Amino acid sequence: MNIPANLKYTKDHEWVSLEGDIATVGITDFAQKELGDIVYVEVETLDQILEKDEVFGTVEAVKTVSDLFLPLSGEIIAFNDALENTPESVNSDPYGAGWMVKIKVTNVAEFDSLLSSDSYKEIIGA
């Protein structure tokens with residue numbers, strides 16, 4: 001299972017990278033495997049300011065739909081438009097082409113409260 005050490009994670013299986021006050025968010029390799037073949041990613045919160053742990057979208061797999069939870073408070077400034085035509089990128093490259101949103105973070109200190117790769121591995125039993 002791929003769990004990069006340079007990222008932070010949530011108990012809800014999102015990953016986060018942070019550059020300055022811009023965070024990139026997606027779902028983990030574990031999450032995409034649990035969901036199965038992803039057929040649709042919906043984010044209707046573009047340009048909205050949300051609090052940490054609020055739902056920012058959904059990911060739809062063949063047999064289920066799952067909410068996506070914002071790992072950091074901030075404004076959703078970008079959606080990965082490529083997912084509209086190739087949602088399967090979340091399955092094939094969850095930490096690269098399968099990223100979902102970018103956030104202008106309002107409280108960078110929240111990043112420190114996210115899980116390290118080792119802590120996330122403990123949660124999923126990896």
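A residue counts as buried under 20% relative accessible area, as exposed over 50%, and as partly exposed in between (1.4 Å probe, protein chains only). By this definition, both Tyr-9 and Tyr-120 are buried. The model is predicted: local features need pLDDT of at least 70, side-chain atom pairs count only at pLDDT 80 or more, and totals for chains, interfaces and linings use all residues. Residues are numbered from 1 along each chain as its sequence is written, and side-chain values use heavy atoms, with hydrogens and water left out.

Helices (H or I, at least four residues) and strands (E, at least two) are DSSP runs, numbered from the N terminus. Two strands pair if DSSP finds at least two bridges between them. An open sheet of 6 strands has the order β1-β2-β3-β9-β8-β5, with antiparallel pairing. Strands β1 and β5 (49–50) form the edges, and each pairs on one side only.

Strand β9 has two neighbours in this order, β3 and β8. Strand β3 (residues 22–27) pairs with β9 in the antiparallel sense over 4 bridges. Here Thr-24 has Lys-102 as its bridge partner. Strand β8 (residues 74–79) also runs antiparallel to β9, and 5 bridges join the two. The side chains of β9 alternate.

Aromatic contacts were examined next. Rings of Phe, Tyr and Trp (its six-membered ring) pair if their centres lie within 6.5 Å; planes under 30 degrees apart count as stacked, over 60 as edge-to-face and the rest as tilted. The structure holds 2 aromatic pairs. Tyr-9 and Tyr-120 are stacked, at 4.9 Å centre to centre with 15° between the planes. Tyr-9 belongs to strand β1 (residues 8–9) and Tyr-120 to helix α3 (residues 117–124), so this pair ties together parts that are 111 residues apart in sequence. Trp-15 and Tyr-95 have ring centres 5.9 Å apart and planes at 55°, so they form a tilted pair. Trp-15 lies in strand β2 (residues 14–19) and Tyr-95 in the loop between α2 (89–92) and β9 (101–105), so parts 80 residues apart in sequence are tied together. Trp-15 is buried at 2% relative accessible area, and Tyr-95 is buried at 17%.

Two lysines were found over aromatic rings. A charge sits over a ring if NZ of Lys or CZ of Arg is within 6 Å of the ring centre and within 35 degrees of the ring normal. The charged end of Lys-8 sits over the ring of Phe-111, 5.7 Å from its centre. That of Lys-102 sits over the ring of Trp-99, 4.8 Å from its centre.

A salt bridge is a side-chain nitrogen of Lys or Arg within 4 Å of a carboxyl oxygen of Asp or Glu. The whole structure contains 3 salt bridges. One joins Lys-104 and Asp-21 (2.6 Å, N to O). Lys-104 is in strand β9 and Asp-21 in the loop between β2 and β3, so the pair ties together parts that are 83 residues apart in sequence. Lys-104 is partly exposed at 39%, as is Asp-21 at 28%. Another links Asp-29 and Lys-33 (3.3 Å, N to O). These residues are 4 apart in helix α1 (residues 29–35), about one helical turn. Asp-29 is buried at 8%, whereas Lys-33 is partly exposed at 48%. Lys-11 and Asp-12 also meet in a salt bridge (3.5 Å, N to O).
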